[in-house]
Amino acid sequence: MNDSRVSVVDEILRLFKGRGDSAYGREAASQREHALQAAHLAREAGSPPTLVVATLLHDVGHMLHDLPDDAPDHGVDDRHEELAARFGPDVAKPARLHVQAKRFLCADEPGYLDRLSEPSRISMRLQGGPMSPEEAERFRSSPHAAAALVLRRCDDSAKSPGLVVPGVEDYIPWIERALIRS
Ligand SMILES: [Fe+2]
């Protein structure tokens, strides 16, 4: 394995160990719990390694930046997909589209908005609200839309404090495979 791959894996492990205990917005689960539960759901759904890693890292900027835990309430929509840029588009794009996927589903799926957690509804307003028909059409035409929607469903269902799922070390081979493909 080359040095840059080692450093990406190390960086991810360090993030999860060092700052994963921080709150996930106003959700009851921590950042680490949220990310690991989401990745576990993606894995259980039979997703490819790139999508599992995208799901694991989709919120990683929440750990990278020292924003207040209730940032969305204060009008700050942090851009939380930076580390995903170290991978190829099959990782980076679905991660980057996860907010747009929420906006799409709010416009396209009856009842979706009502099922979101309250913090997610608050941040959605800051993120632009439900998509317009034109925005939804553009989103649909993205080659990464389907993966982003899978990621989004995992994201929405990964907010259970205390739920035991595999740790971040379990994902090292998945991370390495995702990097090799990029
Ligand atoms: Fe998330």
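Helices (H or I, at least four residues) and strands (E, at least two) are DSSP runs, numbered from the N terminus. This is a predicted model, in which local features need pLDDT of at least 70 and side-chain atom pairs count only at pLDDT 80 or more, while totals for chains, interfaces and linings use all residues. Residues are numbered from 1 along each chain as its sequence is written, and side-chain values use heavy atoms, with hydrogens and water left out.

**Exercise 1. Find the place of A29, and decide whether A29 counts as buried or exposed.**

Step 1: Look in the loop between α1 and α2, where A29 sits.
Step 2: Check the accessibility. Buried means under 20% relative accessible area, exposed over 50%, and partly exposed in between (1.4 Å probe, protein chains only). A29 has 1% relative accessibility, so A29 counts as buried.
Step 3: List the contacts (heavy atoms within 4.5 Å). Leaving out residues up to four places away in sequence, A29 touches Y24, H34, K159, S160 and P161.
Step 4: Pick out K159. The C-alpha atoms of A29 and K159 are separated by 5.3 Å, although the two residues are 130 residues apart along the chain.

**Exercise 2. Work out how enclosed α6 is, and what covers its buried residues.**

Step 1: Find the buried residues of α6: H98, V99, A101, K102, R103, F104, L105 and C106.
Step 2: See what lies over them. The cover includes α5, α7 (112-115), α8 (118-126), α9 (133-140) and α10.

**Exercise 3. Describe how α6 and α10 cross.**

Step 1: Compare the axes, which are lines fitted to C-alpha atoms, for helices over the stretch in contact, with angles from 0 to 180 degrees between N-to-C directions. Those of α6 (residues 98-108) and α10 (residues 145-156) come within 9 Å and cross at roughly 85°.
Step 2: Name the arrangement: α6 is roughly perpendicular to α10. Angles under 35 degrees count as roughly parallel, over 145 as roughly antiparallel, 65 to 115 as roughly perpendicular and the rest as oblique.
Step 3: Find the partners. H98, V99, A101, K102, F104 and L105 in α6 meet A148, L149, L151, R152, R153 and D155 in α10.
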